[in-house]
Amino acid sequence: MTYEDLAWVQGQLRGCANARRQLRICAECLCLTDDELLTHLGYTSMAAFRAAHPQSKHPVGPQVERIYHPVPPDVMLESVLRYYGGERLSTVCSLMGYTQPVTREAIRHRVCSWKKKHPALAAGMPPKRPNTPIKEKAMELNIDATGLPAYAYARSPYTGGIVRIVRGERALFGISNQTCADELNAAAGVTCAQAAAMYNGAMRGWGTPYSDPSNYNEAGSYVGPDMEEPHGTEC
């Protein structure tokens, strides 16, 4: 737990109407137990924490963080992957269906809650969002033993935006060049089959048949074995 994380938790608890609930939310966001977080904060027990943060019966301010429209499971999955790719939070919020401005902590908590409800889909995702936006950088386009390139581009069927996929990364990276994914892949020497396998590898997992280029035809359509959709329900 870093000093920055500790300062964030203390800021969330300061003047909070329901400190115990906020402690639980912060612990979940930091992948800690309540007791571990209490120790980091310097409390010897929950009783000591309660004494320092007496319960208030009156919430402070409107709970606008909860106002959002439910989105399809695939869109929620993409929003989480773009969150871990360093995408602007305004874009992530829009993907998640929020209709009003929300705090960074509210988004962080919702992503953590989603990962907890969908452990199979969350497998391999980064433990935390990068501190600074990830900029696109030049990479050598090597091909691995399965035929996957080091990177590829795809147009999201849900948002219409073009993203960059890096082999083995469970994240989607937004790019400034939104011209055409096919042109970007052609310039990099990436085939339609490889690009489709890269996108679905990031979305569904790199160990699934969806990440194998040989399971796609020349147009990039999946022709491999059918698998059960693991998306579940949106949180």
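Strand S1 (151–155), strand S2 (162–166) and H10 are among the elements that cover the buried residues of H9. Contact here means heavy atoms within 4.5 Å, and buried means under 20% relative accessible area, with exposed over 50% and partly exposed in between (1.4 Å probe, protein chains only). This is a predicted model, so local features need pLDDT of at least 70 and side-chain atom pairs count only at pLDDT 80 or more, while totals for chains, interfaces and linings use all residues. Residues are numbered from 1 along each chain as its sequence is written, and side-chain values use heavy atoms, with hydrogens and water left out.

**Overall layout**

- The chain has 10 helices and three strands; helices (H or I, at least four residues) and strands (E, at least two) are DSSP runs, numbered from the N terminus.
- Going along the sequence, the pattern reads α-α-α-α-α-α-α-α-β-β-β-α-α.
- Of the 235 residues in the chain, 44% are buried.
- Take the contacts between residues at least 6 apart in sequence: 60% of them join residues at least 24 apart.

- H9 spans residues 181–188, and its buried residues are Ala181, Leu184, Asn185 and Ala188.
- Looking down the H9 axis, these buried residues fall within an arc of 95°, so they line one face of the helix; the arc is that of the directions from the helix axis to the C-beta atoms.
- Turned away from the buried side of H9 is a face with the exposed residues Asp182, Glu183, Ala186 and Ala187.

- In H1 (residues 3–13), the buried residues are Asp5, Trp8, Val9 and Leu13.
- Those residues cover an arc of only 130° around the axis, which puts them on the same side of H1.
- Tyr3 and Glu4 are exposed on the other side of H1.
- The packing partners of the buried H1 residues are helix H2 (19–29), helix H3 (34–41), helix H4 (46–52) and helix H7 (104–117).
- Threonine 2 caps the N-terminal end of H1, with a side-chain oxygen 3.1 Å from the backbone nitrogen of aspartate 5; a polar contact is a pair of N or O atoms within 3.5 Å, where within protein one must be able to donate a hydrogen and the other to accept it, and residues adjacent in sequence count only if both atoms are side-chain atoms.
- After H1 comes glycine 15, which has a positive phi near 70°.

**How H5 and H10 cross**

- Two packed helices are described by the angle between their axes and the distance between the axes.
- Helix H5 (residues 73–84) and helix H10 (residues 192–204) pack at an angle of about 90°, and their axes are 10 Å apart; axes are lines fitted to C-alpha atoms, for helices over the stretch in contact, and angles run from 0 to 180 degrees between N-to-C directions.
- H5 and H10 are therefore roughly perpendicular to each other (angles under 35 degrees count as roughly parallel, over 145 as roughly antiparallel, 65 to 115 as roughly perpendicular and the rest as oblique).
- H5 brings Asp74, Leu77, Glu78 and Leu81 to the contact, and H10 brings Tyr199, Ala202 and Met203.
- By class, the residues in this contact of H5 with H10 are five nonpolar, no polar and two charged (Ala, Val, Leu, Ile, Met, Phe, Trp, Tyr, Cys and Pro count as nonpolar, Asp, Glu, Lys and Arg as charged, and the others, Gly among them, as polar).

- Arginine 82 sits in helix H5 and counts as buried at 7% relative accessibility.
- Not counting residues up to four places away in sequence, arginine 82 touches Glu87, Thr91, Val92, Leu95, Arg129, Thr159, Val163 and Leu172.
- Glutamate 87 lies in the loop between H5 and helix H6 (89–95) and, at 10% relative accessibility, counts as buried.
- With residues up to four places away left out, glutamate 87 touches Arg82, Val92, Arg129 and Gly174.
- Glutamine 194, in helix H10, is buried with a relative accessible area of 12%.
- Beyond its neighbours within four places in sequence, glutamine 194 is in contact with Ile143, Gly147, Leu148, Pro149, Gly189 and Pro213.
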